[in-house]
Amino acid sequence: MDMNEIKEIFFQECEEQLAELESGLLKLNDGDRDPETVNAVFRAVHSIKGGAGAFGLEELVAFAHVFETTLDCVRSNKLEPNQDVLKVMLKSADVLADLVTCSRDGGSVEESRTRGLVKELEALANGEALPAAEAPKAAKPVAAAPAKPTDDSGFQPIPFTFDGFGEEENVVEQFTYEVTFKPTRELYSKGNEAALLLRDLSRFGEMGIACDMDQLPALENMDPEASYFGWKISITTPKSEEEVRAVFEFAEWDCELEVKPAEASEGEELPMIPVPFDLSALDDEPAEPTPQTETAATEEASANVVKAVNAAVEKKESAAAAAAAAAAATQNNAAAAASSAGQTIRVDLDRVDRLINLVGELVINQAMLSQSVIENDNNGVSSINMGLEELQQLTREIQDSVMAIRAQPVKPVFQRMSRIVREVADMVGKQIRLVTEGENTEVDKTVIDKIAEPLTHMIRNAVDHGIESPEKREAAGKDPEGTIKLSAKHRSGRILIELQDDGGGINRERVKQKAIDNDLISPDANLSDEEIDNLIFAPGFSTADKISDISGRGVGMDVVKRSIQALGGRISISSRPGLGSTFTMSLPLTLAVLDGMVVTVAGQTLVVPLTAIVETLQPEASAIHSFGANQRLISIRNSFCPLVDVGRILNFRTNQANPVDGVALLVESEGGGQRALMVDAIQGQRQVVIKSLEANYTHVPGIAAATILGDGRVALILDVDAVVGASRGQSLKPEMSLAAAG
Amino acid sequence: MKKKVLTVDDSRTIRNMLLVTLNNAGFETIQAEDGVEGLEVLEGCEPDVIVTDINMPRLDGFGFIEGVRRNEKYRAIPILVLTTESDAEKKNRARQAGATGWIVKPFDPAKLIDAIERVTA
């Protein structure tokens, strides 16, 4: 392990501490007054500060220090954590998070932001009202204190050997001190040892020592834990009086100590008794200087020490002994780790990914094996076949279990959202409360990583456009404080994330007008409410008349929709005027496997995600209706549904296939409505392992990914929404189409 | 014989830094995450010196030090307090609880080793 790895650990830990901090502050905000909550919050900041100090991240240390000081006031009940105080603290937590991010990725936080908050925090700590504008004059020195070790012991160890005390002394001015040192019993009870302190002192220079044994009682009166000895020392050293005193720093309170420069007058030497014990005997290895006494660059020094230690091991110990020692050390560590581990372990994500990949291969292999056995075992009763069935089940279970390893609660992402709500609400002057539900719902880590961004955008949108201003809300008879509810739950093998606001709902008139202005629909289009609502997902649609700072960053809901789709998810909106809107996202639990329907199209094998399919049917000739030049509809239970020839869309063939010869897959696509996808035949249903096409090739419109089938063949996984979109005339770009791409 | 150091700190970062520093200096290191675990681990590992943090969940450094000092078997082990608190009050409390000495975070590896050398034979 080197410093960079530890730094990596530090930043990971920061993330955890920041989450802890925020959830603690939010609990306090909800009226929780449990001292343990306050302690946890304090500890989080304290821990960040401690680690940051170790890496010399001074900006971070300085801010954390001020924050910590204020939190300490809350902890010691000097400061009541009311709403105003918590508002400052939550903001500080946000800035702290930014400072951490900046420390990791570079960049800097605007100084004005930190400075303002530092003033507010200090004012709180000093028991003042929040400063209106002017900073309190009594501000404590902030940045300086923690960055430097203020109570530096002043130790300046000098290289020293036992056979030549202070070799460089001829150049340096020497002082002689007389030291009187009389420990009390407390000194020993705290684990200090007078002899060790004297040894330390002896390293400063030439030393004469006399032991004062006057108080030593007779043996029968002796208390084994009492302190009877005192020492008078005369030492000649280049060190200052402070440095000499510093040797006794740890013992300061538990001894009588006098240090004074020796009187200049010669001949008045202390009556020196020979030292009653050999100081050097205290050292295990008297011949070697203590490791690392130089103040050289840390890393270099440690490297040297490693070398020295290694050399020593080679020299002194047999390989077996070294191995045994190492084993013992590992065992000790393992024991310590085991007891501390509790219910979780930390595993490198790479390892889990590797395992998942391997299990993916195993699934494919097992499928191949099954297939070839079935082909060679016509009656299907051999014992191999039975065993294979069991293997199939086991493989499936292993796969599920491995997937579960990577499952993570959505909590961290949800927590981040509360900050965004706070910030944006502050910026636009709205009062908004974020309520979260189902934070512990678990989903694959890869999915979690990818939903943060679209979710952030939607939250911004909801705050900026969804919730009305407090005045407007009051006028409408609503609570001036708006509520945004973010919830997650599992439903039929997918995760459902709902974002609900109690704002004004979608202004359909305005949306429609905008769509007409932007040439998205024709002015005389007759659209259902649902279709109008879904227009906000159309590319190039933005309802904000002026691009605002918050949600108008050049991306609209179409980008959100696309990123959700890229995850194999769907998004829809329902809105009630005056009551608010609800966005519903349905996402797969994992991006690694997919339940698919294997179909044949123009001789090619394709996989259609099962989640997209509503039903399959064999069209009858009477149900097919031509419509326009080359559009066809199929009537299903008295409603008409456009027919999409997958083979043509993907340029597998140029002629339209006869629907009666094939199978129609009724799919539900985003943007409303159903479509019937025409394929030639259905081969079966199968769980397939998703292999990214983009990682190995390039993005192909209409194709989401690829997979390997049981017989070892590669099959493409259909991007249903893209195909449906293409059928609407938003053609797959020809130069990028499958045929052109090869 | 390698000297054995028990480190008690709730921060993974600091625990790792201690581990690297101490191992490089030829110490054997045993780790604990808080005071409670520290007292558990203490039984059976018999360290030559203990380095502990103050602010920890479950059982803080003060409580931990008191626990060690109450234990007939281990009460003589030198304990160094590792803390960012540099003010006299905290130091004083740690001392009253029975700390042998202290090291201020962020620690300089050389100073850490120095302090350990100062309290161990």
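How many helices and how many strands are there in chain A?

View 1. Chain A holds 23 helices and 22 strands, where helices (H or I, at least four residues) and strands (E, at least two) are DSSP runs numbered from the N terminus. Of its 742 residues, 31% are buried, that is, they have 20 or more other C-beta atoms within 10 Å of their own, with C-beta atoms placed from the backbone. Residues are numbered from 1 along each chain as its sequence is written, and chains are lettered from A and ligands numbered from 1 in the order in which they are written. Because the model is predicted, local features need pLDDT of at least 70 and side-chain atom pairs count only at pLDDT 80 or more, whereas totals for chains, interfaces and linings use all residues.

**View 2. The open sheet of 5 strands in chain A.** The strands follow the order β20-β12-β13-β22-β21 with mixed pairing, two strands being paired if DSSP finds at least two bridges between them. β20 (681-689) and β21 (703-708) are the edge strands, each pairing on one side only.

**View 3. Pairing of β13 and β22 in chain A.** Strand β13 (residues 604-609) and strand β22 (residues 714-718) run in the parallel sense and pair over 2 bridges; Val607(A) stands opposite Ile717(A) in β22(A).

**View 4. The hairpin of β10(A) and β11(A).** Strand β10 (residues 570-576) runs antiparallel to strand β11 (residues 580-588), joined by 7 bridges, and Arg576(A) has Gly580(A) in β11(A) as its bridge partner. The hairpin has 3 residues between the strands, and Gly578(A) takes a positive phi near 85 degrees.

Note on methods
Buried ≥ 20, exposed ≤ 12 C-beta atoms within 10 Å, placed from the backbone.
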